[in-house]
Amino acid sequence: MAVKLPPPGPGARNALTDVPGLRVGHATRIGGGALTGATVALGPPGGMVAAVDVRGGGPGTRETDALDPRNLVPRIEAVALTGGSAYGLDAASGVMAWLADQGRGFPVGAEPHEVVPVVPAATIFDLGRGGDFRQRPDGALGREAVEAAAGTPEHAPVRTGVVGAGAGAIAGGLKGGVGTASCLLDGGVTVAALAVVNAAGSAVDPTTGLPYAAALGLPGEFPLDPPSHDEHAAALAQFAEADPPLNTTLAVVATDAVLTRAQAHKTAGAAHDGLARALRPAHTLYDGDTVFALSTAVRPLPPVDAETPYGVDAEAAALTAIHAAAADVVARAIVDAVLAAESTDMVLGGTRVTVPSYRALYPRATARYRPRG
């Protein structure tokens with residue numbers, strides 16, 4: 001089968017919020033021994049079709065079994081991403097409480113308030129990076145993040161870099177953080193992603209000094225120049241070393257195309273290809289790499305020019321276009337996170353150090369790059 005995938009164009013904001021109905025909110029704690037946060041992707045009332053694919057060897061997750069297509073709950077209202085390792089999963093309880101106050105969730109009774117909000121969540125390891133191991137996300141922080149999401153207008157820009165769940169993130173010796181990207185397919189279907197990059201592997205090619213996935217950027221998205229030999233050599237000598245290397249990269253990939261739960265699950269799996277293109281190595285035993293896939297299910301699948309000599313139908317070809325876009329937007333969101341991050345003081349292995357950003361180490365390579373906002 002030959003499937004011809006037209007080149008996608010960018011979404012209006014190049015962000016997860018290009019998917020109609022999706023909102024993003026951050027709650028960040030920096031200072032007083034804290035360096036952590038939470039990020040919430042909030043769907044429209046009535047919820048979203050959702051799925052998850054976990055491939056890291058050390059995941060921290062909550063309510064992911066509820067997303068199995070064989071199980072009961074057909075839609076969810078929000079996804080929580082958080083710092084704090086397994087402790088930080090408590091942030092989802094604050095999201096759940098806020099949704100319950102709005103009467104949003106799986107109905108279990110006759111009254112409007114008789115609902116059980118299902119809030120899938122995943123966490124990164126950032127414990128102690130602010131200096132106090134006990135400073136980690138809780139229910140109050142999760143509620144703050146979902147309230148921030150609910151308080152934004154539809155299609156609002158998304159803050160990136162050292163914010164929310166990415167506040168204490170590290171990406172292979174450089175400062176990690178939050179990034180986002182989107183694309184628009186033929187037929188008006190949007191595919192977008194948000195990533196929290198806290199990887200044991202590196203986002204930077206040690207041979208060229210450029211991010212592995214920078215070439216996947218849309219025209220003008222990542223205006224980077226190859227660093228000089230001297231700049232690259234000096235940068236490599238300044239990468240921070242985390243001990244122990246406990247990490248995790250999280251992503252939410254979303255579309256407004258109509259997907260079944262099984263199709264969303266396949267999309268989450270395909271999106272992991274983007275993670276593997278942008279980070280090397282990926283899916284290690286030190287990572288809990290997790291991708292959530294969401295569908296607001298308001299547009300038909302995109303049209304695709306496909307030859308189907310083996311009985312492969314047009315729906316499969318359209319889904320392939322979404323899968324390809326999902327991998328690309330996740331990879332681009334990871335590059336965006338690395339470029340948006342700023343150097344940050346943190347505690348690693350009991351020692352306070354400055355974890356450098358990519359832009360700080362490669363000023364020549366990033367001279368033409370301008371952070372959002």
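Visitor: Between which two strands is the loop where Leu185 is found?

Guide: This is a predicted model, in which local features need pLDDT of at least 70, side-chain atom pairs count only at pLDDT 80 or more, and totals for chains, interfaces and linings use all residues. Residues are numbered from 1 along each chain as its sequence is written, and side-chain values use heavy atoms, with hydrogens and water left out. Helices (H or I, at least four residues) and strands (E, at least two) are DSSP runs, numbered from the N terminus. In that numbering, the loop holding Leu185 lies between strand E12 (177–184) and strand E13 (190–197).

Visitor: Which is Leu185, buried or exposed?

Guide: A residue is called buried under 20% relative accessible area, exposed over 50%, and partly exposed in between, using a 1.4 Å probe and protein chains only. Leu185 has a relative accessible area of 12%, and therefore it counts as buried.

Visitor: Which residues does Leu185 touch, not counting residues up to four places away in sequence?

Guide: Contact here means heavy atoms within 4.5 Å. With residues up to four places away in sequence not counted, the residues that Leu185 touches are Pro8, Val191, Pro302, Ala321, Ile322 and Ala325.

Visitor: Where is the place of Arg104, and which side chain makes a polar contact with its side chain?

Guide: Arg104 sits in the loop between helix H2 (91–101) and strand E7 (106–107), and with a relative accessible area of 12% it is buried. A polar contact is a pair of N or O atoms within 3.5 Å, where within protein one must be able to donate a hydrogen and the other to accept it, and residues adjacent in sequence count only if both atoms are side-chain atoms. The side chain of Arg104 reaches the backbone oxygen of Gly43 at 2.8 Å. At 2.7 Å, the side chain of Arg104 also makes a polar contact with the side chain of Glu77.

Visitor: How many Å apart in space are Arg23 and Thr152, C-alpha to C-alpha?

Guide: Arg23 is part of strand E2 (residues 23–31), and its relative accessible area of 22% makes it partly exposed. A polar atom of the Arg23 side chain lies 2.8 Å from the backbone oxygen of Thr152, and Thr152 is one of the residues that Arg23 touches. Although 129 residues separate Arg23 and Thr152 in sequence, their C-alpha atoms are 6.9 Å apart.

Visitor: How many Å apart are the end C-alpha atoms of helix H5?

Guide: The expected span of a helix is 1.5 Å times one less than its number of residues. Because helix H5 (residues 261–278) has 18 residues, it should span 26 Å, and this agrees with the distance between its end C-alpha atoms, 26 Å.

Visitor: What covers the buried residues of H5?

Guide: The buried residues of H5 include Arg261, Gln263, Ala264, His272 and Leu275. Among the elements that cover the buried residues of H5 are strand E4 (49–54), strand E14 (250–257), strand E15 (290–299) and helix H6 (314–340).

Visitor: What value is phi of Ala297 near?

Guide: Ala297 has its place in strand E15, and at 21% relative accessibility it counts as partly exposed. Its phi is positive in a residue other than glycine, with a value near 55°.

Visitor: Which residues that line the largest pocket are the closest to its centre?

Guide: On a 1 Å grid over the protein atoms alone, a cavity is a set of points where a 1.4 Å probe fits but cannot get out, while a pocket is an open set with protein on both sides within 12 Å along at least five of seven lines, and lining residues have an atom within 4 Å of a point. Grid points are joined across faces, edges and corners, a volume being the space filled by probe spheres set on the points, and the largest pocket holds about 270 Å³. Of the 16 residues in its lining, the closest to the centre are Arg159, Thr160, Gly161, Ala340 and Arg372.

Visitor: How much space lies in the largest cavity?

Guide: The count comes to one cavity of 30 Å³ or more. Its lining includes Gly33, Thr36, Asp126, Arg129 and Gln135. The space in the largest cavity is about 30 Å³.
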